[in-house]
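Student: I am new to this structure. Can we go through it step by step?

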Amino acid sequence: MMRKPLVSTLFTCLLATLAACREDDPPPVFVELLGRPVALDDQLLFTDARQQYAYLLDVAAAEPKAETIRIGLPPRAVVTERRREHDEALVLCSGRRADGARDAAPAALVRITTEGQSHVYELGTTPFNAVTQSEDGRYAIVYRTGTTDSRTLDNPNELVVVDLDKLPDAAGAVTRKTPDGLGHTLTRVLVSPTLRIAEQDRRLLVVLSAAEVTLFDLTHLDRRATIVQLDESRQIEPEQVVWSKSNPTLYVRARSSDNIFMFRFEAHDNDALGNDFRPTINPLSGGDGPRDIALFGTGSAERLLVVAEQSSQVLVIDPSSSKTTALALQKPAQRILLFEGVSPSDTRVQTRALLYSEKQQAITFVDPEDLSESPEEKLETIQVSSPVTGLFPLLAEGRVMLLQMQGVTLLNLGERTLTPISASAVLTQEAPLFDSERKRLWVGLSQQPWIGTLDIESGMTDEIRLDAAVHSLVPLLGLGRLAVVHADALGYVTLVDLERPAPEHAISVRGFFSSNIFDRGRR
Amino acid sequence: MKAGRARFAGRVWGAALLVAAAYAPTRSVDAQAAVSGEPAAPVPSPPAAQTPAATASAVAAPVESAPAGTTAATDAPAASAAPGAVAQPAAAADAPAASAEPGAAAQAAESTQAPASARAPAPRARRRWSAADVARIRAELAAQRAAKAAARKRRKPRVYGDAGAANMLGFELLGSFRRDVGYEHFERGATSVRLGVFGSRDVLTLAPKLIASLELGVGFEHDSAKRLFDASSGAKLDSQTLHGGLTLRWDALSCVSPLLRAWGGASLFQLTFSGSARDFETERTSSRFGALGAGFLFHTPARTFESRGGRFSSFGLGVLIEAGYAWRSPVDFEISGAEGRAIRVIGPSLGGLALSGPYLRSAFVVRM
């Protein structure tokens, strides 16, 4: 009589145990790529914009394994890029506010090594969303652009200087700075090359705001900023800074000013908390509506080239004397591309400039050196088949690829000949990749499964059909490969052999975001 | 049941007839005495040939024992009715002699032909039972008993079969407790349920109640992950397991047998993808295992279902409950690229699933 209750009890216990042991669904692996992956020497770093992970895929082997090193990140990755002059990657995360379910997480800059180690530099509660680096990759300047309503109160001019050569917990690794007395919101931050100022090599942190240029000495971050007000009456919106290669001088162009502001630096006696140098500002006339500036020449022969759109002029300015030579253009120009080379009428290799404007079919060559002599001979205007939308320089090859509304045009800078190439879609500036070793240009159009090639020397084109649509192209020139990233939630990359660009010599790696999925969380 | 009832009724009737036969002479005498008003006196039974009516009324009728009565009955309708029932009407018809006197049959026949009103009480005939009659009747009764005993002996006797249930067939539900984090991707989470069937046979009696048996079985397991990689990609995990084992069973009680089991085998696993990952494929991967378990077999007592002929003596039903621990080699899943692509695809390793862990086994078993 006892048998039946006993058996039923045991079965009930079994079923109850099975039911109680069910777990909630784990988070999915789905990866939403943040931009194009960062190419390191032998690896690709993919950053998930939605979840707090980055994935490091090794692509150096002939047959790479579809395995990634998964790296945890703070919340909300917004920028990912390679650290300059280093085989490392940087990921900026803007952090998270506290809510009912989760604690607040500070913004952080993560430095990721090729071994998958991550060094997290905590930046505070400000939701930073932009980063700029010094040329040598030692300093990363983190700041915020645009408006945000993601915090109750925050200072839009706060910025953080991160010394990436130091570990996160080292003294001086993270320095938070706010320019005292800056009347406008910063718009852009730059780091100068090394300049010899007041008998000391320094790098300046240059902050652009609506009417000011603010200077920090990166060598002495404990000192106050030097704020230069460019115009007392209006907001002139400085937007471009050019550094002199031979002098401790910089030039600032503003969107709403006809002046080009030349900054020179001299020693200055100051208190301990102030900079020991000060800038002197020399405004140079940049014509009517200067849109681009460039420096050419060295030493005392350094000149400033300016294109003024509204006056349809090109100007050559001697900064030392402010002497200006202006030439009228047939068509106004907005951009300058300097190059060294010859011209059809002059076999001397010297600095020359290509002037162009978006949405214009005219491009102009100018020889800025000795512009005062026979100025008409210094200009040459060429009409192209359709308006130019961008320009992809191939200066080492003496060529430029003009990106147009319809197709592209290969322009020989020396011969000034045009080779029109039709394209199935409008190419953006980011679309082409150039393999300088093999003189071959690669183009991949988003959402299409083909990548096209253009042999620069012969003008021959070819294409390869891939097994999935293209998301982005990443050059791995050191490995002799081109990484074609496909839009696949599980991770999908096709590695094209640049020496033998054919499907049979390519290899795809797929599903690497899910690698070792069963092992995750195992101690 | 009908046959049983018939047998039972036959036995009752037989017993009644035997009793009636045993006491028939006395009762006949009593009946005559009652009719005649004289005290009854035991007298020997007359010879059957001479007293056909008496044969019909007292012997109650084994037909073969009264051959002469046939003629008498023909001549005397009253005596041709059922035995016993004849004697009374005959007596009621004031023809006792028809059943009492030797040679009274003719008289009785005659008297029946006379009008009832003209009938006069017949002179009471004195019965005469010779020793030969008695001996003959007794011999007949003995013969009847012997015939009945022979009939009983012809029926099949109850047979007891072998109650030792050497074979067992079971349908099992095996729940494994999985502690590996990889299983968190699957629906069942930390548990797995395997359905299986097994058979075992007792091969050795180590002690009077200690039995060693060998077991062989197969099992099937299924699990799924609706969102293994993302919201639109799932996977199914299927396995087939073949196992063998050695069980020591102690038949401690008639319905409970504790047991120890050492078993092992191998499983084949296959991961099949669906949704956005449907063109991924995995090769089958195997895992070997060994396990130790202990439990109880609750079963019906021996001979519960045994028939009269001894069949199903070893048949029994039971429920097996066992707990133990299984040591399994982990399984690794490699994804291969989809076929039919122009560019060769290298797939990832999904990692391994550790399978070792405790288990709970329950089974419905049939012993035979």
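**A sheet in chain A**

Tutor: This is a predicted model. In chain A, strands β19-β20-β21-β22 form an open sheet of four strands in that order, with antiparallel pairing.

Student: Which are the edge strands of this sheet?

Tutor: An edge strand pairs on one side only. In chain A, that holds for two strands, β19 and β22 (277-285).

Student: By how many degrees are neighbouring strands of this sheet turned against each other on average?

Tutor: Direction is ignored here.

Student: Which residue stands opposite A:Leu250?

Tutor: Take strand β20 (residues 249-254) of chain A. Its partner here is strand β21 (residues 259-267) of chain A, paired in the antiparallel sense over five bridges. The residue in β21(A) opposite A:Leu250 is A:Phe263.

Student: Is A:Pro238 buried or exposed?

Tutor: A:Pro238 lies in strand β19 (residues 238-243) of chain A. Residues that A:Pro238 touches include A:Thr187, A:Leu208, A:Leu230 and A:Val252. Buried means under 20% relative accessible area. A:Pro238 has a relative accessible area of 4%, so A:Pro238 is buried.

Student: How many Å apart in space are A:Pro238 and A:Val207, C-alpha to C-alpha?

Tutor: In sequence, A:Pro238 and A:Val207 are 31 residues apart. In space, C-alpha to C-alpha, the distance between A:Pro238 and A:Val207 is 9.9 Å.

Student: What percentage of the residues of chain B count as buried?

Tutor: Chain B has seven helices and twelve strands. Chain B has 368 residues. The share of them that count as buried is 44%.

Definitions and conventions: Residues numbered from 1 in each chain as written. Chains lettered and ligands numbered in written order. Predicted model: local features only at pLDDT ≥ 70, side-chain atom pairs only at ≥ 80, totals over all residues. Heavy atoms only, no water. Buried < 20%, exposed > 50% of the residue type's maximum accessible area, 1.4 Å probe, protein only. Contact = heavy atoms within 4.5 Å. Pairing = 2+ DSSP bridges. Axes fitted to C-alpha atoms, helices over the stretch in contact; angles between N-to-C directions. Lists of a residue's contacts leave out its neighbours within four places in sequence.
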